[in-house]
Amino acid sequence: MFGQSKKNKDAKLNLQILRRIWREHTKKYIWALLGAGIITSLTALTEAYSVSLLKPIFDKGFIDRDGKVLLILCAQVIGLYFIKGWFYFTQTMILSKISTKTVQSIQQRVFAHLISLDMAFFNKNSSGQMLARIINDCNAITNIAVNFITNIFKDLITCIAMFGLMFYYSWQMCLVIFLFFPIGAVAIGIINKKVKAISKTNTQQSADFVSQISESLQNVKIIKSYCMEKFEASRIKDILDEMFRFSMKRVRNTAVATPVIESLSGFIMAGIIIFGGWQIANGYLTTGGFVTFLGAWVSVYKPLKSLINFRVQLQTALVSAERVYEIIDTKPAIQDVEGAVELKNIKGNIEFKNVCFEYEAGKPILKNINMTIPAGKTVALVGASGGGKTTIANLIPRFFDVSSGEILIDGINIKNITQKSLRQNTSLVSQEVILFDDTIRNNIAYGKGENECKTVSDDEIIEASKSANAYGFITAMEGGYNTRIGEKGVRLSGGQKQRLSIARAIIKNAPILLLDEATSALDTESEFEVQTALDNLMKNRTTVVIAHRLSTIKNADMIYVIEKGAIVEQGNHEELLKKDGEYAKLYNMQFKQKKEA
């Protein structure tokens, strides 16, 4: 009972997936599909008609030796095959275009939805796993889209036409064939169940493989610095070996369908010959009729086998489709509330009221944070690593939502502001510089947003780069602003990359600025260049600075010392030194280290 219930549930899920692929991606091609369907039907009927010519060819052409009829029939055969060839060409062109567009439509939708999800989702799922779903799993759906549209429909029409022809000449022999079908259906059902279970494991292994490759390529510098090339290669080999084992297991279970089908076909062929011979001997069937029936069975055998094999292959594709729709059906944890307002012409006052936050339930990261950041002022967050400073900065643009309490901008709870307008009014410059494998110009223009990044003027780009102290090194490059910088800006130094990110923030011109350890990874010379650029960027902006080097935030209007998710001290530089508390300890420790160095 339980097994039957699970089987019905799986069948229902599979049907839902097929309906969604049709409704969301393929239905828009309905008229092209109808046209292709008509051509496909004509192709199948043409093939059935060509088989039906076997009867007059044998009965009149060979047995009655009517040469004139034989020539006419041969001319018909030539014409039919010519027409059938062009029918096939036309339907293939139409349907291949539709199936490819269907898969691309799914890939585009998965990617668009994926990047709309909140940061918490990406903290839990690796980029490699997501990459595998966009590429591997979406491509696997081709087995549904391409094979079903281009082959299965044609095979189905062919089977119907051929069985109609066989039924016309001898319905009794058709019954002989149908007697064996239940045996084949049970055997294929068992194979399907095994293939689906193996496919789930095999698909996950493929995702793990892509994830591991992606991670290794991103961290190749670390791999080389620790001489771990052989170790990483060995790890990939282990994954591939396990993938091979399950892949062969899947192939074995899929391939076993062939001997099952062939064995049944042998019994069916023997039954046709014996029963057909009896019908000819007793005058119920002519030799031509028997040859036509036999020709129809031979013609139906290949499409029938394809239909059976496709059902087995369909299980693998449906596993991938389930994984794809798992992403599509994931709802962003952070969404705009109904009636959310656009943030326009803001002053930039920021206020934290009793803000608490936790990534996991029961593990608090921030505890009752109360903080006021006046418009146009600079506030610094300092303290030991892991205290919650970066988390505070991430809450302002709603990369994560507070667990309790509220954050206000100009008196409005940020949960009541549209995410787009909130983020349009904030700029982030972090220690981890994120640049794209594109030109310098396009990386700077990226700050303008989707509506203006392609139309931003050269003068604006140059002015932003000058303010960011980047103009000199950019113009010194052979390609200038059209220089491609490589993946993550690999062709630039740390200071150059950071100044490009500052230029991007400058051109965005957002009133709220978040600086997360923007200079901590730089040498003294680069730090000076970057700090000068940051000073230009911070003018007339509400700025939250997370700093490890306390010397860079001495002039901040207010400094908050964060320890274990709570504010333990606050005041300006001079006030905090006089308190001789945590800030003074941190400052004196750094001053001592600098003096010893």
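Visitor: Why is the crossing of α4 and α6 called right-handed?

Guide: The crossing of α4 and α6 falls in the right-handed class. Val103, Ile106, Gln107, Val110, Phe111 and Leu114 of α4 make the contact with Met130, Ile134, Ile135, Cys138 and Asn139 of α6, where contact means heavy atoms within 4.5 Å. Do keep in mind that this is a predicted model, in which local features need pLDDT of at least 70, side-chain atom pairs count only at pLDDT 80 or more, and totals for chains, interfaces and linings use all residues. Residues are numbered from 1 along each chain as its sequence is written, and side-chain values use heavy atoms, with hydrogens and water left out.

Visitor: What makes α4 and α6 parallel or antiparallel?

Guide: Their packing angle is about 165 degrees, with the axes 9 Å apart. Axes are lines fitted to C-alpha atoms, for helices over the stretch in contact, and angles run from 0 to 180 degrees between N-to-C directions. Angles under 35 degrees count as roughly parallel, over 145 as roughly antiparallel, 65 to 115 as roughly perpendicular and the rest as oblique. The pair α4 and α6 is therefore roughly antiparallel.

Visitor: How do α2 and α4 cross?

Guide: Helix α2 (residues 30-52) and helix α4 (residues 67-114) have axes that come within 9 Å and cross at roughly 155 degrees. That angle makes α2 roughly antiparallel to α4. Here the crossing is left-handed. Among the residues that meet are Leu33, Ile39 and Tyr49 in α2, and Leu80, Phe87 and Ile94 in α4.

Visitor: Why are α17 and α19 called oblique?

Guide: The axes of helix α17 (residues 458-467) and helix α19 (residues 494-508) come within 8 Å and cross at roughly 125 degrees, and the two helices are therefore oblique to each other. Their crossing is right-handed. Glu460, Ile461, Ala464, Ser465 and Ser467 in α17 meet Ala503, Ile506 and Ile507 in α19.

Visitor: What makes α19 largely enclosed by the rest of the structure?

Guide: Buried means under 20% relative accessible area, exposed over 50%, partly exposed in between (1.4 Å probe, protein chains only). In α19, 12 of the 15 residues are buried, so the helix is largely enclosed. Including Gln496, Arg499, Leu500 and Ile507, the buried set runs through α19. Across the chain, buried residues make up 44% of the 597 residues.

Visitor: How do you know whether Ile440 is buried or exposed?

Guide: Ile440 has 0% relative accessibility, so it counts as buried. Ile440 lies in helix α16 (residues 440-445). Beyond residues up to four places away in sequence, Ile440 touches Ile474, Met477, Gly480, Tyr481, Thr483, Ile485 and Leu500. Ile440 and Ile474 are 34 residues apart in sequence, with their C-alpha atoms 7.9 Å apart.

Visitor: How do you know that the span of α6 agrees with its 14 residues?

Guide: The expected span of a helix is 1.5 Å times one less than its number of residues. For α6 (residues 127-140) that should be 20 Å, and the end C-alpha atoms are 19 Å apart, which agrees. This helix also bends by about 30 degrees at Arg133, the bend being the angle between axes fitted to the seven residues ending there and the seven starting there.

Methods. Helices (H or I, at least four residues) and strands (E, at least two) are DSSP runs, numbered from the N terminus. A crossing is left-handed if the near helix is turned anticlockwise from the far one by less than a right angle, and right-handed if clockwise.
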